[in-house]
Amino acid sequence: METVADTDTDTDTTAPAAQRRTPRPRADALRNRERIVTAARELFVEFGPDVPLDDVARRAGVGNATLYRNFPDRAALTHEVVLAVTSRTTARAEEATAAETDPFAALSRFVHAAADERIGALCPMLSGVFDKDHPDLLAERDRLEAAVEGLVSRAMSAGRLRTDIAVGDVLVALSQLTRPLPGIVCLDIDRFTHRHLQLFLDGLEAPARSVLPGSAATLENLRRRD
């Protein structure tokens, strides 16, 4: 059942044309849009990016028409979810930096906060059909990478983080440890996620207790598509 009217904007139609305000989304329309993005984020994590959009609308509590009015196709919805997850995760990195004086504590705080933002949703979506090089996405990616690089660099400079890893190792492990395999019903996954992340963080802390195989994963490694 639809939750909003056919028009999602408020416009002052009584004023002369030259003085009319630019239409702005209604508050309930904005809430519906946010609910759709949140529902899509959760379902992409649980079942992968090809989950039926009808399921997204159902979990968001909106009608299909509302979903398609906001996002005309899967690519548009995926774009918005990637943008939202990336932006929110960057904010968590910045908050961790500001809140913690111990650089390793800041990195740890970020890792757990990023899990709560469902950063694991990004990996399967980036293999989907949408514009991965859209300027908005590239700008948010650069912000996230810079924020996480700062956390890693400060922890390493302080002698708290083992030196044989790179920021790519943190991002890959974080993505892998925060999402179940698509199609697998793991209703209690969240209660294990933070335990496993803490095990991962214990392995990152200096001094290193083992020799890692291979080489550190850099951001350049992650950007390669061949």
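Thr 193 is buried in the predicted model, with a relative accessible area of 6%. This value falls below the 20% limit for a buried residue. Thr 193 belongs to helix 9, which covers residues 189–204. When residues up to four places away in sequence are not counted, Thr 193 touches Ala 115, Leu 177 and Thr 178.

Val 170 is located in helix 8, formed by residues 167–177. With neighbours within four places in sequence left aside, the contacts of Val 170 are Val 111, Val 152, Ile 165, Phe 200 and Leu 204. For one of these contacts, Val 152, the separation from Val 170 is 18 residues in sequence and 8.6 Å in space, taken from C-alpha to C-alpha.

These two residues sit in a chain that contains 10 helices and two strands. In sequence order, the elements follow the pattern β-β-α-α-α-α-α-α-α-α-α-α. Of the 226 residues in the chain, 39% are buried. The accessible surface of the chain amounts to about 12,400 Å², and carbon and sulfur atoms account for 54% of this area. Among contacts between residues at least 6 apart in sequence, 72% join residues at least 24 apart.

The packing of helix 4 with helix 7 was examined in terms of axis geometry and residue contacts. Two packed helices are described by the angle between their axes and the distance between the axes. Helix 4 comprises residues 74–99 and helix 7 comprises residues 135–157. Their axes come within 9 Å and cross at roughly 25°. Helix 4 is therefore roughly parallel to helix 7, because angles under 35 degrees fall in that class. The crossing in which helix 4 passes helix 7 is left-handed.

On the helix 4 side, the contact is made by His 79, Val 82, Leu 83, Thr 86, Ser 87, Thr 89, Thr 90, Ala 93, Glu 94 and Thr 97. Their counterparts in helix 7 are Asp 136, Leu 137, Glu 140, Arg 141, Arg 143, Leu 144, Ala 147, Leu 151 and Arg 154. Sorted by class, the contact of helix 4 with helix 7 has seven nonpolar, six polar and six charged residues.

Note on methods. Residues are numbered from 1 along each chain as its sequence is written. This is a predicted model: local features need pLDDT of at least 70, side-chain atom pairs count only at pLDDT 80 or more; totals for chains, interfaces and linings use all residues. Side-chain values use heavy atoms; hydrogens and water are left out. Axes are lines fitted to C-alpha atoms, for helices over the stretch in contact, and angles run from 0 to 180 degrees between N-to-C directions. Helices (H or I, at least four residues) and strands (E, at least two) are DSSP runs, numbered from the N terminus. Angles under 35 degrees count as roughly parallel, over 145 as roughly antiparallel, 65 to 115 as roughly perpendicular and the rest as oblique. A crossing is left-handed if the near helix is turned anticlockwise from the far one by less than a right angle, and right-handed if clockwise. Contact means heavy atoms within 4.5 Å. Ala, Val, Leu, Ile, Met, Phe, Trp, Tyr, Cys and Pro count as nonpolar, Asp, Glu, Lys and Arg as charged, and the others, Gly among them, as polar. Buried means under 20% relative accessible area, exposed over 50%, partly exposed in between (1.4 Å probe, protein chains only). Accessible areas come from the Shrake-Rupley method with a 1.4 Å probe; for residues, only the protein chains shown count as cover.
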